[in-house]
Amino acid sequence: MGHQLAAVALTAVGTWNRASRCGVVPAVVGRPLSDSDLVARAKRGDEAAYEELVRLYQGIAFRTAYLVVGGAADAEEAAQEAFVKAYRALGRFRTGAPFRPWLLRIVVSEARNRRRSARRRGTLALRAAAGAVSGDAAPSPETALLASERREELLTAVNGLGEKDRLVITCRYFLDLSEEETGVALGWRRGTVKSRLSRALRRLRTELGDDDG
Amino acid sequence: MAELERELRLLGAAIEVPPEPDLVRTVRARITEREPRRIARRPLVVVLAVLAVAGGFAFAIPQARSAILRFFGLENVTVVRVHELPPAIRGPGAIGERLSLADAEHRIGFAPLLPDLGPPDAVYLDPGGELLVLLYGRPVRVRLSEFRAHYSLEKFVAAEQLVQRVRVGARPGLWIQGPHVVAELFGQPRLSGNALIWQRAGLTLRLEGRLSRDQALRLASSIR
């Protein structure tokens, strides 16, 4: 009796899963699914929906990991691991919450772990001739306005910051996350983001000798 | 201030970032890798399910992700049965930030439950601020983790390992005997020894250490 029940339950799960995977196809035709639709589908075991989320967010995930860890191979590994972990953790993801900062939190954590265990810590560098890059990565006119000498100086100062200062600067300015998203991505309260950010800016200013604020 | 912030935004655009790799295929391969084995495993699952009924205690967890068992009373602990344990680090791993017990309590927002072992030798909070870890003994003999219902753990156990349903006082719990891999949301998967998991007062507790089942149950009952 008991084992029949167990077997029935397992079969039911299998069938239901296959059915939901088939179900995604027609819905994709028409308007693209929103993040929360995709997450809801992925939560029900729809792997195609999760692949779509990977496609949408792999760029920002890799960039985030790279900016934290400072090496391409580690960044790729961290981003990949984060997507796998996020998939397994989808059951605990609160429906309706924004997916991006939640994912980035796992990415940041993976990247921080790799940075801690790396024998040589990567530092960030400027793109070669960052003021005059050709092709699709052409800088905006504003980028060119920031003198290259000043950029080098600023980057050296950022590279020299402590981990938390660097993380908050990375999230807020290099990734352009909002304060709220930064809080979720780093697992800090909003007030902590504000205070750490102003501390990091203060340190940078001291380091750069900008005392006029 | 505003000028420096503007400069930092511009700097972000000028930092060299290598071209992004395509992760879709590798992630797909990894999240589906257990699927083909599901069919092969099912007979074993059913056999062990019979044992569960017969023995009342021992039971198996099917390895397919879609059929992960969520235990009654332990909804936020997932146990996945696998042929081979995933790669994991040995030792305590990086837990997070080390704090005093009072600071940790303030940050996590609940009063930690404490076993009858005197004050912990070290207290850590994970980077997400949701998992509290208390370490006892030097070197560590007992590791007690506490988290609220919205956080959760994933555990991988080898096919041959039995997981036992136990009672901690009147509350349902889970005893995993022998080495298994525990994956917390943050940090790397870690090889763990014997572990007891149960819930109490809205918290999930996980006790790990060189303890027999009876020792773990006794220690768990001392927790206030």
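The legends below accompany close-up views of a predicted model.

**View 1. Overall make-up of chain A.** The secondary structure of chain A in this predicted model amounts to 10 helices and 0 strands, so that reading along the sequence gives the pattern α-α-α-α-α-α-α-α-α-α. Chain A has 213 residues, of which 38% count as buried.

View 2. Helix 10 of chain A, made up of residues 190-208, has 19 residues and reaches 27 Å from its first C-alpha to its last, which is close to the 27 Å expected at 1.5 Å a residue. The buried residues of this helix are A:Val193, A:Ala200, A:Leu201 and A:Leu204. These residues lie on the same side of helix 10 of chain A, because they cover an arc of only 100° around the axis. On the other side of the helix, A:Gly191, A:Ser198 and A:Thr206 are exposed. The cover over the buried residues includes helix 7 (148-159), helix 8 and helix 9 of chain A, together with helix 1 (2-14) of chain B. Helix 10 of chain A is followed by A:Gly209, which has a positive phi, near 75°.

**View 3. The largest nonpolar core and a second, separate one.** The largest nonpolar core holds 55 residues, and those touching the most other members are A:Ala61, A:Ala65, A:Ala79, A:Ala82, A:Phe83, A:Leu103 and A:Val107. Helix 3 of chain A (residues 47-69) contributes the largest share of this core, with 12 residues. Apart from its neighbours within four places in sequence, A:Val107 is in contact with A:Ala61, A:Thr64, A:Ala65, A:Ala78, A:Ala79 and A:Ala82. A second, separate core of 37 residues includes B:Val80, B:Ile95, B:Phe147 and B:Ile223.

View 4. Most residues other than glycine have a negative phi, and most peptide bonds are trans. A:Asp176, a residue other than glycine, has a positive phi, near 60°, and is placed in the loop between helix 8 (163-174) and helix 9 (179-186) of chain A. A:Asp176 counts as partly exposed because it has 13 C-beta neighbours inside 10 Å. In chain B, a cis peptide bond joins B:Arg138 and B:Pro139, with omega about -5°, and B:Pro139 is found in the loop between strand 6 (131-136) and strand 7 (142-148).

How values were computed. Residues numbered from 1 in each chain as written. Chains lettered and ligands numbered in written order. Predicted model: local features only at pLDDT ≥ 70, side-chain atom pairs only at ≥ 80, totals over all residues. Helix = DSSP H or I, 4+ residues; strand = E, 2+ residues; numbered from the N terminus. Buried ≥ 20, exposed ≤ 12 C-beta atoms within 10 Å, placed from the backbone. Expected span 1.5 Å × (residues − 1). Arc of directions from axis to C-beta. Contact = placed C-beta atoms within 7 Å. Core = buried A, V, L, I, M, F, W, Y, C linked by C-beta atoms within 7 Å.
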